[in-house]
Amino acid sequence: REQLDFMWNLIPEEDRKGMTQADVLYVLDLMDEYLEQKGLVEVDEKTGEVTYLDGDVDETEQLEFVRQAVAEGQKEGHCNALTSVQIQLIVDAEVEYGMHKGYYEED
């Protein structure tokens, strides 16, 4: 909840139009899905605990993956139709939260 509130408050109000907090969570799930596909996440099948592994993330590739997945998810009713700007703002807010918590280092 803390992460969601932090991120939501980073996104300018005018850019939140047509977006819900559920959409932010959906994008976060897609970001994790990308990391899983790249072998940078381990999930304990018994506990559901997620471990993020060290490794390089191609942020451009990840953003494109998320954009395509959001477009598909919108068609299937999983999320609202988010603009590229909204998706970028969600991704940026996740990075900002990670830096705030010390998960990421500034490059």
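**Exercise 1. Determine the order of the secondary-structure elements along the protein chain, and judge its overall dimensions.**

Solution. In this predicted model, the elements of the protein chain follow the order α-α-β-β-α-α from the N terminus on, which amounts to four helices and two strands; helices (H or I, at least four residues) and strands (E, at least two) are DSSP runs, numbered from the N terminus. The protein chain has a radius of gyration of 14 Å, close to the 13 Å that the globule rule gives for 107 residues, so it is as compact as a globular protein of that length. Here the radius of gyration is taken over C-alpha atoms, and the globule rule is 2.2 Å times the number of residues to the power 0.38. The C-alpha trace spans about 35 × 30 × 30 Å along its principal axes.

Two conventions apply throughout: residues are numbered from 1 along each chain as its sequence is written, and side-chain values use heavy atoms, with hydrogens and water left out. Because the model is predicted, local features need pLDDT of at least 70 and side-chain atom pairs count only at pLDDT 80 or more, whereas totals for chains, interfaces and linings use all residues.

**Exercise 2. Find the salt bridges in the whole structure, and state how accessible their partners are.**

Solution. A salt bridge is a side-chain nitrogen of Lys or Arg within 4 Å of a carboxyl oxygen of Asp or Glu, and the search returns three of them. For accessibility, buried means under 20% relative accessible area, exposed over 50%, and partly exposed in between (1.4 Å probe, protein chains only).

- Step 1. Aspartate 5 pairs with arginine 1, with the closest N and O atoms 3.1 Å apart; aspartate 5 is partly exposed at 30% relative accessibility, while arginine 1 is exposed at 64%.
- Step 2. Glutamate 2 pairs with lysine 101, with the closest N and O atoms 3.3 Å apart. Since glutamate 2 lies in helix α1 (residues 2-10) and lysine 101 in helix α4 (residues 84-101), the pair ties together parts that are 99 residues apart in sequence. Glutamate 2 is partly exposed at 46%, and lysine 101 is partly exposed at 35%.
- Step 3. Glutamate 61 pairs with lysine 38, with the closest N and O atoms 3.0 Å apart. Glutamate 61 belongs to helix α3 (residues 59-75) and lysine 38 to the loop between α2 and β1 (41-43), so this pair ties together parts that are 23 residues apart in sequence. Glutamate 61 is partly exposed at 34%, and lysine 38 is partly exposed at 44%.
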